[in-house]
Amino acid sequence: MRISIIGCGYVGLVTGGCLAAVGHHITCVDSDAERIRALVAGQIPIYEPHLDELISRARSEKRIEFTGDLAASVETSEAIFICVGTPPLENGEADLSSIDAVARVIATESRGSKLVVEKSTVPVRTGEQLCRALEVYGRTGGAKFQVVSNPEFLREGSSVIDFLHPDRIVVGVNEPSAAEKMREIYRPILERNFVCPVHGGPCPPGAAPQFVVTTINSSELIKHACNSFLALKISYANVLADLCERLGADVQEVTRAMGMDPRIGPQFLNAGIGFGGFCFPKDIQAFYRLAERAGEDFALLREAERINKDRIDRFLEKTRRALWVLKGKHIGMLGLAFKANTDDIRFAPALELLRRLLAEGASVRAYDPQAMNKTRAQFPSATYCQDAYQAVEGADAVLLLTEWPEFRELDWRRIHSKMVRPLVLDGRNLLDPRRMREIGFEYHSIGRPDS
Ligand code: UGA
């Protein structure tokens, strides 16, 4: 099928690359001319595992192209996936102006029938507004539109795998024929009969994805409900960790046993310095604002947000307690991205800590496998190092802030020998306290006994 992807951000590129990989012909469109120039020249503007290979293969097989010409691409496509950004406004609600602008062009440039798929994360009832916008602006074109909500559940860092091997594909529709068209688009993924660009040959066995058809309003709600629930789960684990610290228990022992209960499940129970990124913090806010506007007080979510913000204060306090005075201290910072396997630093807890440490007069030497360039642009006064060993040189303390697996594999004896004072504060519970103690570190983590 010929499909337009509107918006070449992270969701648009992953969606476009993956749909091309399963056999569709994709045109990716963006109004940012610089971004399109880079994509046409073969550069992928974000770091996301497998995305580079996926897009370069689709390009060589002539199944993907990039353009700034939205009107022309709309005209030639049967389906249009809207993947534009919906950043938070100052009041926490989602800014839907990009969706509105795209809807107008779709409405005026379309001839014939179009499937318009809303993939951006949007508040409930955006689909209704989209239907109305397409109708009022398209009144002279004679085109027929079917609007579908198709939320994405992609995690940065593993989004290509998530897209190609999902546990469910949710489509919110007004009419059954729209659901059938979506089933057709996703058929290779639903039936698992494409040549997987990630696994090369046969993919690891797993259950076939569920195809879930709902109303548009329910589908929009599902996305917010999932993200907010996961954020709640993390905040729950974080408060549990605080309690463990007070009572002398170990949060990892507690959450491990909790997670064995299939009603709870083991994921998103890792305590640490809190959730960041461009999804959870903004989605949880957009969701309780939406509830508020609908006349419901979703105080549970506001509390989860408060707990999350408090993580930074607590971790800074822990650092201060260990170091006594922060001013003038040399801090080695390992990890800047909001989580591992991404270069994304938006709402990253590490960045907030970096900001506060610099403000208090500490000097910071930082290392992250992917996120240094972006961070340097925001915080030029920190020193950015080529590897972790350089970052810890002469440090009074090392702060471990992103759960990159390679940090676990570092030669921690070597790190010990390079530090002025062997103090590690592990904000992700990545390391083994016993091993750290054996090496001779003073080691603090989250919700586990100090050593
Ligand atoms: C999240 C959701 O997991 C995706 O399903 C959703 O599609 C996406 O938002 C979105 O709305 O686009 P993402 O933001 O990429 O994905 O990252 P997560 O893996 O969910 O992690 C979010 C934050 O929570 C990170 O800062 C991570 O370090 C933190 N986290 C995660 C914890 O602190 N503890 C955990 O146990 C899990």
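At 28% relative accessibility, Y47 counts as partly exposed; the term covers the range between buried, under 20% relative accessible area, and exposed, over 50%, with a 1.4 Å probe and protein chains only. The structure is a predicted model, in which local features need pLDDT of at least 70, side-chain atom pairs count only at pLDDT 80 or more, and totals for chains, interfaces and linings use all residues. Residues are numbered from 1 along each chain as its sequence is written, and side-chain values use heavy atoms, with hydrogens and water left out.

Y47 sits in the loop between α2 (33-40) and α3 (51-60). Helices (H or I, at least four residues) and strands (E, at least two) are DSSP runs, numbered from the N terminus. Along the sequence, Y47 and T342 are 295 residues apart, yet their C-alpha atoms are 6.0 Å apart in space.

P88 belongs to the loop between β4 (79-82) and α5 (97-109), and its relative accessible area of 31% makes P88 partly exposed. From P88 to S4 there are 84 residues in sequence and 25 Å in space, C-alpha to C-alpha. E118 is part of strand β5 (residues 113-118) and counts as buried, at 3% relative accessibility. E118 and L130 are twelve residues apart along the chain, and 8.8 Å separates their C-alpha atoms.

Next comes a sheet. Six strands make an open sheet with parallel pairing, in the order β11-β10-β9-β12-β13-β14; two strands pair if DSSP finds at least two bridges between them. At the edges stand β11 (383-384) and β14 (442-444). Each has a single partner strand, so one side of each is left without a neighbour in the sheet. Strands β9 (residues 330-334) and β12 (residues 397-400) run parallel and are joined by four bridges. I331 has A397 in β12 as its bridge partner.

What surrounds the ligand? There are 21 residues around the ligand, and L154, E156, K223, N227 and R428 come nearest; a residue is near a molecule if one of its heavy atoms lies within 4 Å of it. This shell divides into nine nonpolar, four polar and eight charged residues. Here Ala, Val, Leu, Ile, Met, Phe, Trp, Tyr, Cys and Pro count as nonpolar, Asp, Glu, Lys and Arg as charged, and the others, Gly among them, as polar.

Some distances to the ligand can be given. A polar side-chain atom of N227 is 2.7 Å from an oxygen atom of the ligand, and a polar side-chain atom of E152 is 2.9 Å from an oxygen atom of the ligand. For N270, a polar backbone atom lies 2.8 Å from a ligand oxygen atom. A polar contact is a pair of N or O atoms within 3.5 Å. The ligand taken alone exposes 710 Å², and the protein buries 93% of that; accessible areas come from the Shrake-Rupley method with a 1.4 Å probe. The most come from α9, with three residues.

Last, the cysteines. How many disulfides does a search of the whole structure find? The search finds zero, where a disulfide is a pair of cysteine sulfur atoms within 2.5 Å. The closest cysteine sulfur to that of C83 is in C28, 8.4 Å away, which is too far for a bond. C83 counts as buried, at 8% relative accessibility. C203 is in no disulfide either, and its nearest cysteine sulfur, that of C196, is 3.6 Å away. With a relative accessible area of 24%, C203 is partly exposed.

Terms used: A polar contact is a pair of N or O atoms within 3.5 Å; within protein, one must be able to donate a hydrogen and the other to accept it, and residues adjacent in sequence count only if both atoms are side-chain atoms.
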